[in-house]
Amino acid sequence: MSVAARAPGQSKPWRVLTYVFLTAVALLWLVPIGGALYSSFRPYSETQSKGIFSLPDSLSFSNYTAAFRQGGMGGWHGTFANTAFIVAPSLVLILLFSSFMAFAVTRFSWRFNVALLLVFTAGNLLPQQVIFKPLFALFEHTPWPDLLSDTDTGHLLGTKIAVIIIHVAFQIGFCTFVLSNYMKTIPRELNEAAAVDGASVPRQFFQIIMPLCRPALAALATLEFTWLYNDFFWAVVLINRGDERPITSSIANLGGQFFTNDNLIAAASMIIALPTLAVYLALQKQFVSGLTLGASKG
Amino acid sequence: MSGATEHSPHPRDVGFSITRRQLIGGASAASLAAFLAACGSDAKKSDSTTAAPTTTAAAAAPTTAATTEATTAATTAATEEPASSAAGTPAGGQVTFGSNYSDDKDSRAIKAALDASGLDVKINTTDHNGFQDNITNYLAQPDDVFTWFAGYRTRFFADKGLIGDISDLWADFGDYSDSFKAASTGNDGKQYFVPFYYYPWAIHYRKSLFAEKGYSIPTNKDELMALATKMQADGLIPFAYANDGKWPVQGTFDILNMRLNGYQYHVDLLAGKESWTDPKTKAVFTMWASLLPFHQENANGRTWQEAATAFEKKEAGMYYLGTFVANNSTDQEYLDDLDFFNFPELDPAIGADALDAPIDGFLMAAEPKNADGAKELLKALAGPDTINAFLAVQGSSVAANSTADVSGYTKIQTKSAELVSKAKSIAQFLDRDTSPDFVSNVIGDAFAAFVADPSQVDSILSSIEEQKSTYLS
Amino acid sequence: MDSVSTHVTDVSDSPDVPDVPVVAALAGMAPRSRRRRLRYSQLQRSDKVWLGLMVGVPTAFHIVFVWLPAIATIILSFTKWDGIKLGSWTGVGFRNYWSIFTVFDSKFFPALFNNLILLVFLGLCSLVGVLLAYLLDKGVQGSRIYQSIYYLPVVLSLAVVGFIWKSVMFSQSQGLLNLGRDKPIDFVGDSHKLFEFHLPGLDTPLGLTRNFAAILIAMAWRHIGYVMVLYLAGLKSVDPSLREAASIDGCTEWQTFRRVVLPVMKPINVVVLVISVIEALRAFDIIVALKEPIGTTVLGVLVKKNLTGEGGGQVGLGSAYGVILLLLCLGFIIWYLANNYRKAES
């Protein structure tokens with residue numbers, strides 16, 4: 001892991017100041033989460049009467065077990081499973097499709113390259129609510145065989161597949177944008193040489209270009225995983241059944257008609273944050289190195 | 001990156017030790033397995049509210065999940081048993097039930113009620129607020145029977161033909177009073193709604209506090225103002241107040257309007273037939289403004305639970321809210337000490353016999369997949385057994401069915417039943433008595449602006465009147 | 001940022017590409033000669049099919065599921081519809097837009113102004129993110145830990161961020177920021193303005209409300225980490241030899257940053273700018289999670305409340321709000337792409 005050379009002339013006091021500043025900011029950053037984490041270990045009656053920042057009478061995991069059970073998180077039809085069902089295929093398809101597009105657009109000349117890139121970049125920046133109503137109607141009137149459906153509604157509406165479709169359609173905009181910038185830094189000589197040697201387009205793609213794009217793909221996978229995982233809007237709108245909804249609905253399920261147990265929700269939030277945190281920590285190195293976006297020239 | 005090489009680093013150099021093939025293979029296998037398992041098992045889905053599934057393995061599958069985990073998960077799915085709520089074999093087969101009883105106590109209560117019906121019911125639970133917000137999308141593919149509220153909210157969907165006519169069932173319902181039947185009737189005179197339970201809004205107080213300070217229950221406007229002044233002099237906040245979510249203060253408006261202008265004016269105003277700039281409406285806001293100094297300030301940034309806590313701690317003397325206020329605490333001493341009284345009359349000519357008592361109940365879809373089963377279920381839900389089972393768990397609302405078992409009622413429940421039975425007119429609460437879009441887009445913001453700054457009343461009222469025609473036409 | 005090229009461009013055309021002897025060696029050829037990009041007509045048949053699929057399938061997906069509904073929404077903005085039954089809409093021409101600007105002006109213009117405030121604010125947050133990235137890039141001990149901490153809010157969903165700030169930090173009765181106060185500050189509900197001014201022709205004054213300022217703090221918590229990570233990625237790819245050369249030449253740190261690092265970071269700068277602008281325009285999740293107190297409305301919230309809602313929503317009106325939002329987003333996108341395209345051409 002490369003470390004930037006220390007600029008000469010950087011004195012000790014400055015370094016100390018930098019450390020102090022960074023640490024102070026880090027502590028500040030952790031305070032809100034710390035408060036939520038602390039109250040997640042305490043029963044509601046305690047924080048209701050004594051306040052959140054008070055000494056505990058008892059600390060326990062009961063909020064966590066209750067959140068897991070009541071939020072419907074576990075099990076084959078729990079919200080975690082539903083999230084996996086939506087996120088995993090979406091991620092694969094998004095990265096695949098955008099790599100296709102980026103490859104084609106950067107390696108070959110077309111008359112409408114510019115237009116395509118424009119369409120994709122602009123498409124990702126559309127607000128979600130702007131397209132939801134017609135999309136809803138579109139899905140409602142698209143018949144879908146039960147064999148391929150996860151909820152047997154007879155049409156696409158109400159299936160998690162519909163959510164996968166819209167995620168893919170939406171996110172390939174951003175990923176094409178990033179990947180095409182990244183692929184432009186890959187010298188064209190590479191696949192031209194391969195083409196000269198008789199490699200077909202798919203071979204060029206899978207064996208030459210894709211391996212070189214791995215850092216960018218890892219970075220995008222991390223970003224996309226976070227976005228897909230935390231999406232709330234599409235799942236609520238398109239999926240009708242409470243037990244088909246993904247993880248973000250778990251928190252809503254814990255709120256009652258009037259009464260909301262804040263500590264329970266805090267516990268649920270912590271549980272829900274774990275996968276995204278884990279993915280980020282696992283891919284952190286690649287994430288940072290993969291987002292060069294063609295900036296290395298200079 | 002150091003060095004002169006321009007191309008991207010080898011994956012191994014950046015710690016990516018899984019090869020491309022493994023990555024894509026693993027991800028595809030994981031997603032394929034999940035896909036197949038879900039499709040294959042959808043014929044045997046378990047009911048969601050009591051999910052005690054056989055597999056405890058958390059099925060979160062990041063893209064690098066091992067394929068073995070996915071395959072074992074796939075095989076367990078195929079052997080999962082269905083878990084419906086009762087083992088009965090009804091005439092019509094399984095009935096689907098859409099429920100917004102999402103929190104723990106409510107979901108157990110409704111399950112008990114459905115078990116008591118003796119029918120095979122599959123429950124589909126959605127979170128409470130999301131269910132309402134999403135209702136028009138839900139009605140595109142509804143369950144056979146689903147939970148809903150009486151009043152305008154039902155009539156609105158009846159007018160659009162989205163819910164089923166159950167007048168034939170109502171012909172046999174003998175256990176409901178006339179006001180409940182009226183609340184279940186659509187604009188076309190047919191019945192659509194089955195009432196289940198209700199809860200009144202009233203001024204809550206703590207008996208020990210009133211005894212200690214020598215307060216007495218006010219019965220008219222002068223006594224109310226005198227009590228509030230006395231409380232303030234004693235160092236208490238007379239009324240706890242909150243408006244987080246922008247719905248609680250609508251209760252204040254409702255009761256003041258019904259006390260000053262009568263029930264009929266209130267209903268007409270909300271239906272759009274009276275004007276918000278009318279002097280009669282303005283009088284309500286004038287009264288409200290005179291009461292606001294006796295309420296907790298900064299209500300817009302407080303949840304009702306925080307206000308209820310202040311009330312419980314005797315920082316505030318009274319709290320005008322629904323009887324669900326008790327849900328905020330498990331302190332038995334407080335719950336025994338809790339009591340309420342009807343909001344006093346403000347105009348002797350009008351009296352105090354109208355109140356807000358929202359009724360929750362059930363509707364049938366316009367075209368249910370299992371029409372016979374749906375009607376069976378509604379008949380069962382209209383009977384005393386189901387509500388008895390429900391209240392045995394929930395313990396705070398009052399049964400709408402007049403033959404329900406009241407022997408287990410708490411003092412509050414008994415008093416609520418008494419209060420509502422004496423009322424001549426029952427309103428459903430503002431956000432159930434008018435167009436919900438009107439409330440969420442206009443009224444919510446307008447009332448919050450009034451509470452923040454009562455001096456703006458004229459511009460607030462004229463903007464409500466101006467914007468109302470977009471939503472109420 | 002590299003241009004979106006059309007026909008004949010070549011990596012070797014740009015003067016700032018350094019030597020690539022390693023790559024050339026790998027490719028087994030002499031140091032590069034001018035080469036044209038492959039033309040479509042030179043490809044074999046099967047390759048053409050492949051390329052057709054590679055471009056066609058994603059494009060079809062994108063257009064059918066994103067652009068067609070967007071166009072449908074534009075059309076719907078000229079109707080009045082309750083969203084329940086297809087075909088039950090009625091055309092009303094520009095009436096929805098007229099309503100927005102006359103009947104709902106007391107909601108619309110303050111919302112628009114809040115979006116503008118958000119724009120400026122997120123820009124400032126980006127600067128803080130840049131600062132943090134720069135400091136971390138200096139190779140401090142434990143920079144990985146600092147990175148993870150700053151990025152932590154980004155992995156949380158916006159609903160969770162809103163909930164945490166509302167209950168833990170802002171609550172009047174038990175929030176940390178109100179601990180020990182006799183008169184607690186109403187961070188969430190106080191809609192009085194910190195500053196306000198009147199635009200001619202508008203009844204409602206525009207300004208920044210106190211509770212929106214509180215929401216900005218919560219959004220900063222998230223946005224700063226996001227920008228920091230992006231910038232850090234870019235900084236790590238800056239050739240250290242460049243910086244050494246600059247410092248040998250006697251530049252101070254600030255001069256080095258301005259003259260050497262910043263220009264190289266231009267692509268990242270652009271991405272950060274685009275992301276900040278779009279987030280400022282599209283924001284609504286956190287505000288909805290806080291239950292939309294008055295004074296904190298933004299355009300996204302207006303769209304959501306009208307388009308979705310219990311009564312089916314006022315689809316026409318909501319779509320009109322959406323179209324306005326769309327135009328603002330598109331306007332910016334077109335400006336940005338045109339800018340870059342033109343630069344590449346010159």
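In chain A, residues 24 or more positions apart account for 69% of the contacts with a separation of 6 or more, a contact being heavy atoms within 4.5 Å. The structure is a predicted model, in which local features need pLDDT of at least 70 and side-chain atom pairs count only at pLDDT 80 or more, while totals for chains, interfaces and linings use all residues. Residues are numbered from 1 along each chain as its sequence is written, chains are lettered from A and ligands numbered from 1 in the order in which they are written, and side-chain values use heavy atoms, with hydrogens and water left out.

Chain A contains 14 helices and one strand; helices (H or I, at least four residues) and strands (E, at least two) are DSSP runs, numbered from the N terminus. The C-alpha trace of chain A spans about 75 × 70 × 30 Å along its principal axes. Of its 298 residues, 70% count as buried, where buried means under 20% relative accessible area, exposed over 50% and partly exposed in between (1.4 Å probe, protein chains only). Chain B has 21 helices and 12 strands, and 57% of its 473 residues count as buried. Among the contacts in chain B between residues at least 6 apart in sequence, 76% join residues at least 24 apart.

Chains A and C were examined at a pair of helices. The axes of helix α1 (residues 12-40) of chain A and helix α4 (residues 105-137) of chain C come within 11 Å and cross at roughly 130 degrees. α1(A) is therefore oblique to α4(C). Axes here are lines fitted to C-alpha atoms, for helices over the stretch in contact, and angles run from 0 to 180 degrees between N-to-C directions; angles under 35 degrees count as roughly parallel, over 145 as roughly antiparallel, 65 to 115 as roughly perpendicular and the rest as oblique. On the α1(A) side, A:Thr18, A:Phe21, A:Leu22 and A:Val25 meet C:Leu131, C:Leu132, C:Leu135 and C:Leu136 of α4(C). The residues of this contact comprise seven nonpolar, one polar and no charged (Ala, Val, Leu, Ile, Met, Phe, Trp, Tyr, Cys and Pro count as nonpolar, Asp, Glu, Lys and Arg as charged, and the others, Gly among them, as polar).

Over all chains, the structure holds 24 salt bridges, each defined as a side-chain nitrogen of Lys or Arg within 4 Å of a carboxyl oxygen of Asp or Glu. In chain A, A:Glu46 forms a salt bridge with A:Arg42, with the closest N and O atoms 2.9 Å apart. Both A:Glu46 and A:Arg42 are buried.

In chain B, B:Lys415 forms a salt bridge with B:Asp339, the closest N and O atoms being 2.9 Å apart. This pair links distant parts of the chain, with B:Lys415 in helix α18 (residues 411-422) and B:Asp339 in strand β8 (residues 338-341), 76 residues apart. B:Lys415 is partly exposed, at a relative accessible area of 30%, whereas B:Asp339 is buried, at 12%.

A further salt bridge joins B:Asp445 and C:Lys305, whose closest N and O atoms are 3.9 Å apart. The pair crosses between chains, from B:Asp445 in helix α20 (residues 436-452) of chain B to C:Lys305 in helix α12 (residues 299-307) of chain C. B:Asp445 counts as buried at 11% relative accessibility, and C:Lys305 counts as buried at 9%. A network of salt bridges links B:Lys246, B:Asp445, C:Lys107, C:Glu292 and C:Lys305.
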